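I opened a new structure today and kept notes as I went. Here is what I looked up, entry by entry.

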Amino acid sequence: MSSRVVTVMSRAKRGLYAGRHIQFGNKVSEDGGNKSRRTWKPNVQSKRLFSLALDKYIRVNVTTHALRCIDKAGGIDEYLLKIPDRKVENETALFWKHQIAAIYEALANTEIAIPVQNPEESAFSMEVLTEALPGVGDLSKTAQKSSEVKVTKEPPTLS
């Protein structure tokens, strides 16, 4: 398996570029076929994306390709959780990813209350189902994971 060394452009460290970088090539004239070097830069847009887990808007520079990837994944939260850490080129996005993962982990360990209607009664009653998901409702595991999940690091500032 070949290991390819990829140099991340410094501009990609300031946003979500989804692997898009500057491309190089030739501009070819129509008449003589003369070639001159040129570059193609990624289409970068400044956007506000809403994070359901963080319950706030995130302002980020993002390529149009990354916007399509975010839309396909179902939102910024799912996109950040889906991509591996090595492919996240932005430290702030990596911080958001770990924060969102911690929130999702805490939500996975909460008890679920489902309204159930008994045939004898006409009113709904609430039953707490602890056997619905494995590990849900086990307070010893919740206490252990909540101590591991806390994120105290502040996000780095963008320059």
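This is a predicted model: local features need pLDDT of at least 70, side-chain atom pairs count only at pLDDT 80 or more; totals for chains, interfaces and linings use all residues.

**Entry 1: what counts as a pair.** Before drawing any sheet, I needed a rule: two strands pair if DSSP finds at least two bridges between them. I also reminded myself that strands of a sheet pair through backbone hydrogen bonds, either parallel or antiparallel.

**Entry 2: the three-strand sheet.** With that rule in hand, I found three strands forming an open sheet, in the order S1-S5-S4, with mixed pairing. S1 and S4 are at the edges and have a single partner strand each, so one side of each has no neighbour in the sheet. Helix H1, residues 64–73, packs on this sheet and touches S1, S4 and S5. I looked up its direction too: it makes about 135° with that of S5.

**Entry 3: why "mixed"?** I checked the two pairings one by one. S1 (residues 15–16) runs parallel to S5, and two bridges join them. Gly-15 is the residue that stands opposite Asn-61 of S5. S4 (residues 44–51) runs antiparallel to S5, with eight bridges between them. I picked out two of the facing residues here: Arg-48 stands opposite Arg-59, and Gln-45 has Val-62 as its bridge partner.

**Entry 4: the turn from S4 to S5.** How many residues lie between S4 and S5 in their hairpin? I counted four, and Asp-55 in that turn has a positive phi of about 60°. That made me stop, because most residues other than glycine have a negative phi. Is Asp-55 buried or exposed? Its relative accessible area is 58%, and the cut-off for exposed is over 50%, so Asp-55 counts as exposed.

Entry 5: I found Ala-18 in the loop between S1 and S2. With a relative accessible area of 27%, Ala-18 is partly exposed.

**Entry 6: the other hairpin.** S2 (residues 23–28) and S3 run antiparallel and are joined by six bridges. Their hairpin has six residues between the strands, and there Gly-33 takes a positive phi near 75°.

I then zoomed in on Arg-38, which lies in S3, residues 35–40. Its bridge partner is Gly-25. Leaving out residues up to four places away in sequence, Arg-38 touches Gln-23, Phe-24, Gly-25, Asn-26 and Lys-27. I also checked Val-28: it is 10 residues from Arg-38 along the chain, and their C-alpha atoms are separated by 9.9 Å. Arg-38 counts as partly exposed, at 35% relative accessibility.

Entry 7: Which residues make the nonpolar surface patch? They are Phe-50, Leu-52 and Tyr-57, and the patch comes to about 340 Å². Tyr-57 belongs to S5, residues 56–63. Its relative accessible area is 48%, so Tyr-57 goes down as partly exposed.

**Entry 8: the salt bridge.** I found one salt bridge in the structure. Asp-85 and Lys-97 form it, with their closest N and O atoms 3.1 Å apart. The pair links distant parts of the chain, 12 residues apart. Asp-85 sits in the loop between helix H2 (76–82) and helix H3 (91–108), while Lys-97 is in helix H3 itself. What about cover? Asp-85 is partly exposed at 38% relative accessible area, but Lys-97 counts as buried at 9%.

**Entry 9: zooming out.** Last, the whole chain. I noted four helices and seven strands. Read along the sequence, they follow the pattern β-β-β-β-β-α-α-α-β-β-α. The chain has 159 residues, and 21% of them count as buried. Its accessible surface is about 11800 Å², with 51% belonging to carbon and sulfur atoms. I also looked at contacts between residues at least 6 apart in sequence: 41% of these join residues at least 24 apart.

Terms used: Residues are numbered from 1 along each chain as its sequence is written. Side-chain values use heavy atoms; hydrogens and water are left out. Patches are made of residues with over 30% relative accessible area and no salt bridge: like charges are joined within 9 Å, nonpolar side chains (Val, Leu, Ile, Met, Phe, Trp, Tyr) within 5 Å. Accessible areas come from the Shrake-Rupley method with a 1.4 Å probe; for residues, only the protein chains shown count as cover. A salt bridge is a side-chain nitrogen of Lys or Arg within 4 Å of a carboxyl oxygen of Asp or Glu. Buried means under 20% relative accessible area, exposed over 50%, partly exposed in between (1.4 Å probe, protein chains only). Contact means heavy atoms within 4.5 Å. Axes are lines fitted to C-alpha atoms, for helices over the stretch in contact, and angles run from 0 to 180 degrees between N-to-C directions.
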